[in-house]
Amino acid sequence: MFDLPDSWVWDYWFADDGDRYHLFFLYASRALHDPEARHYRASIGHAVSTDLVAWTRVADALVRSDAPAFDELATWTGSVVRHPDGTWFMFYTGATLAPDGRNVQRVGYATSPDLHTWTKPGGPVLEAEGPWYEKLSSGAWHDEAFRDPWVFADSDGDGWHMLITARAPEGPVDGRGVIGHAWSADLRTWELREPLSAPSADGFGQLEVLQAEVVDGRPVVIFSCLKEQSTAARRAEAGGTWVVPAESLLGPFDIDAAYPLTDERLYVGRLLQRRSDGEWLLFAFRNIGEDGRFVGGITDPMPLRWDGGRLVRREAVGASV
């Protein structure tokens, strides 16, 4: 498990340089005392590993910018991809506060030649816009949800796609969570597109930390959502991280078909394919302990398998990397 004695650790994402695995993670000082205060104090840390179990912390990747900036409050969850020219791109969420104190989220990026030294080119490249995405002005939700960019190359070589945690402007308030979508030819300039899913009365208020992968030949998207942020139909299910089967990495995605991969004790599930043997692994952060309080810290890898058409966890860690 990756954890820090002086800080809470929660959302995270990976990069693989072919030699080492890189873990980027949100963290905030335990001196805050209240773990719920961590969100507005988040920075992006960095650790490296050769086996996905033993991690060595290195210099932090990103911190918030000086005001005025789209990430002046905090830097939140993202993903890392490599441009064909060798440049690494980290897409991340920048958070700021509106005059009424509510949170506004936008997507920006930083670049690096080596995954260690990152440079921000400027402001955001994407934000929530109508008519497809709910704005703060709707008053329906506690923030302007537009975050957690997951970026991947188009399978046919047509640029890059980004999946985004977003909300539709219509539908049941606690079922408006949708898979936001954007496209880019070069990773620098982005075109916002309509969402890849629809709001639902049996859905979720938000689909956090999306990730689309082809796991052993089967496309899926995973996301996380807490019970209190979902519809009544979903609150009876023991879900923290959810799986949605799909026909491709761009859907179509039927959110009503989502089923749980973990309960709320483990949150923000991430999929990673081990380099040495191609086995798919699940990671998560420890969310709720036996006392009902936040825990933090990222789990060791948990192997996955298909069982009756569903993706499930296995108990053993499996072969070494």
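This is a predicted model: local features need pLDDT of at least 70, side-chain atom pairs count only at pLDDT 80 or more; totals for chains, interfaces and linings use all residues.
Let me start with the side chain of E213, which makes a polar contact with the side chain of Q211 at 2.9 Å, a polar contact being a pair of N or O atoms within 3.5 Å, where within protein one must be able to donate a hydrogen and the other to accept it, and where residues adjacent in sequence count only if both atoms are side-chain atoms. Residues are numbered from 1 along each chain as its sequence is written, and side-chain values use heavy atoms, with hydrogens and water left out.

E213 itself is found in strand β14, residues 208-215; strands here are DSSP runs of E with at least two residues, numbered from the N terminus. Leaving aside neighbours within four places in sequence, E213 is in contact with W150, R218, P219, V220, L249, L271 and W280, contact meaning heavy atoms within 4.5 Å.

Turning to salt bridges that are formed, the count by this rule comes to 22. One of them joins the side chains of R176 and E134, at 2.7 Å from N to O. R176 lies in the loop between β11 and β12 and E134 in the loop between β8 and β9, so the pair ties together parts that are 42 residues apart in sequence. Both R176 and E134 are buried.

R314 forms a salt bridge with E279, with the closest N and O atoms 2.0 Å apart, and this pair links R314 in the segment after β21 to E279 in the loop between β18 and β19, 35 residues apart. Here R314 is partly exposed at 37% relative accessible area, whereas E279 is buried at 15%. There is also a network of salt bridges linking R106, E127, K135 and E144.

Now to the strands, where two strands pair if DSSP finds at least two bridges between them. Nine of the 10 residues of β6, residues 88-97, are buried, so this strand is largely enclosed by the rest of the structure. Eight bridges join β5 to β6 in an antiparallel arrangement, with V80 opposite M90, and 10 bridges join β6 to β7, again antiparallel, with W88 opposite S112. In the hairpin of β5 and β6, G86 takes a positive phi near 100 degrees; in the hairpin of β6 and β7, G101 takes a positive phi near 90 degrees.

Finally, four strands form an open antiparallel sheet in the order β18-β19-β20-β21. β18 and β21 stand at the edges, each with a single partner strand, so one side of each is left without a neighbour in the sheet. Within this arrangement, two bridges join β19 to β20, and L281 has P303 as its bridge partner in β20.

Terms used. Buried means under 20% relative accessible area, exposed over 50%, partly exposed in between (1.4 Å probe, protein chains only). A salt bridge is a side-chain nitrogen of Lys or Arg within 4 Å of a carboxyl oxygen of Asp or Glu.
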